[in-house]
Amino acid sequence: MTRVIGVRFRTAGKIYFFDPLQFPVKKGDHVIVETARGVEYGTVVCDPKDVEDDKVVQPLKPVLRIASERDDEQEANNKKKEKDAFAICLEKIAKHKLEMKLIDAEYTFDNNKVLFYFTADGRIDFRELVKDLASVFKTRIELRQIGVRDETKIVGGIGICGRALCCHSYLSEFIPVSIKMAKEQNLSLNPTKISGVCGRLMCCLKNEEETYEELNRKLPGVGDYVTTDDGLRGEVSSVNVLRQLVKVLVEVDDEKELREYKVEQLRFKRRHRKEKNNVSVAEMKELEKLEKEEKHERKSKLEDN
C-alpha cells in the first residue's frame, strides 16, 4: 500500500496522486507540487489515504510544500495575466488569419510556459503564431488543439436538464458513451435530444446504463410471446422498465384485450430481437457520426497536466 493525496489542477480536472510526506495536508488545502509540466499549484481533493501499489504511477512525486500566502497571490496574479494573454493571442490569430477558435489561456505556476487551447476543423500551421507570441511573452509557448468536448469542459454551461454541465462540475474524465445506451433506456434516438451542448452524445447516458441493463434482463422484448399466470398467452405490446410492468395483448373469449402484468406473473423465453426504432436513415447516420467523433476525441482528450 502507498500513502497518497489526490490533487486537482483545474475545475473538474483529472485527479493525480502525490506523496504527502510529513506535511499535515487535508482536503481543501492548496499545495505546490512538481509535475511533468513543471512546478504547479493544485487543490487537495481527498485526504491522505492508502491505495494499492498498482494504482500509483511510479515514481510518485512528493508535495514540495503547502501553499503559502505568497503562493496564493502568485496564483491569483497568474489568473489575471491569463486574461491578458488570451486577448493578445486573439489579436495575433486575427493578424495571421488562422482558422482557429481560441478557448483558453493558461500560465504554469512558475511562469515557465504559457499554454493556449484552441479548436479547429483540421490541422493548423501555427509556427509563425508561436514565434509572434514568444516575442511578446518572452517565455515558452505551447498551442494545444482540443476537441469540442474538451472545449465545453473548460468553458462550462447549462445542460438541457437545467443543471451545470457534468463535465465542468464533477466529471473528471470523459467516459465512453454510445447509441446502445440510449436504446437500452428507451430514449428517443433523435440526435437533438440525446446530444449535449458540445454536440456529442450526452455523458449522462452512462449514469443509469447498468441499472437499465439489469432491469431489461428481467423483461421480455416488445413483440415476444408470453404466458401469463392466469393461463393466457399473448404478445407483448409495451414494457415499463422501471416499474417492471408488461402490457400483453391476450385473447379472451375470441376478443383481443390489453392487460398489464408484473414481470413475475409471466413465463417467457427472451429472444434476441432486432431492435425497431422510428429513426430515419439521416438521423441514424448522424447518431453514428456523433458516436464515431466521440471515440476519436477520447483518444486525444485534454490532459490537465
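Which residue follows α3, and is its phi positive or negative? Gly 156 follows α3, and its phi is positive, near 80°. Keep in mind that this is a predicted model.

Stay with α3 for a moment. The helix spans residues 148-155 and is mostly covered, with 6 of its 8 residues buried. Those buried residues are Arg 149, Asp 150, Glu 151, Thr 152, Lys 153 and Ile 154.

Now the helix pair. Two packed helices are described by the angle between their axes and the distance between the axes. Here, α1 covers residues 69-96 and α2 covers residues 127-137. Their axes come within 10 Å and cross at roughly 140°. The crossing of α1 past α2 is right-handed.

Who makes the contact? From α1: Ala 85, Ile 88, Cys 89, Lys 92, Ile 93, Lys 95 and His 96. From α2: Glu 128, Leu 129, Asp 132, Leu 133, Val 136 and Phe 137. By type, that is 8 nonpolar, 4 charged and 1 polar.

Next, the cores. The largest nonpolar core has 16 residues. Touching the most other members are Met 100, Phe 116, Leu 133, Phe 137, Ile 141 and Leu 143. Two or more residues each come from α1, α2, β6 (101-107), β7 (113-119) and β8 (140-145).

Take Ile 141. Leaving out residues up to four places away in sequence, Ile 141 touches Val 114, Phe 116, Val 130, Leu 133 and Ala 134. Another core, of 14 residues, lies apart from the largest one. Its members include Tyr 212, Leu 215, Leu 219 and Val 226.

Note on methods
Residues are numbered from 1 along each chain as its sequence is written. This is a predicted model: local features need pLDDT of at least 70, side-chain atom pairs count only at pLDDT 80 or more; totals for chains, interfaces and linings use all residues. Side-chain values use heavy atoms; hydrogens and water are left out. Axes are lines fitted to C-alpha atoms, for helices over the stretch in contact, and angles run from 0 to 180 degrees between N-to-C directions. Helices (H or I, at least four residues) and strands (E, at least two) are DSSP runs, numbered from the N terminus. A crossing is left-handed if the near helix is turned anticlockwise from the far one by less than a right angle, and right-handed if clockwise. Contact means heavy atoms within 4.5 Å. Ala, Val, Leu, Ile, Met, Phe, Trp, Tyr, Cys and Pro count as nonpolar, Asp, Glu, Lys and Arg as charged, and the others, Gly among them, as polar. A nonpolar core is a set of buried Ala, Val, Leu, Ile, Met, Phe, Trp, Tyr and Cys residues joined through side-chain atoms within 4.5 Å. Buried means under 20% relative accessible area, exposed over 50%, partly exposed in between (1.4 Å probe, protein chains only).
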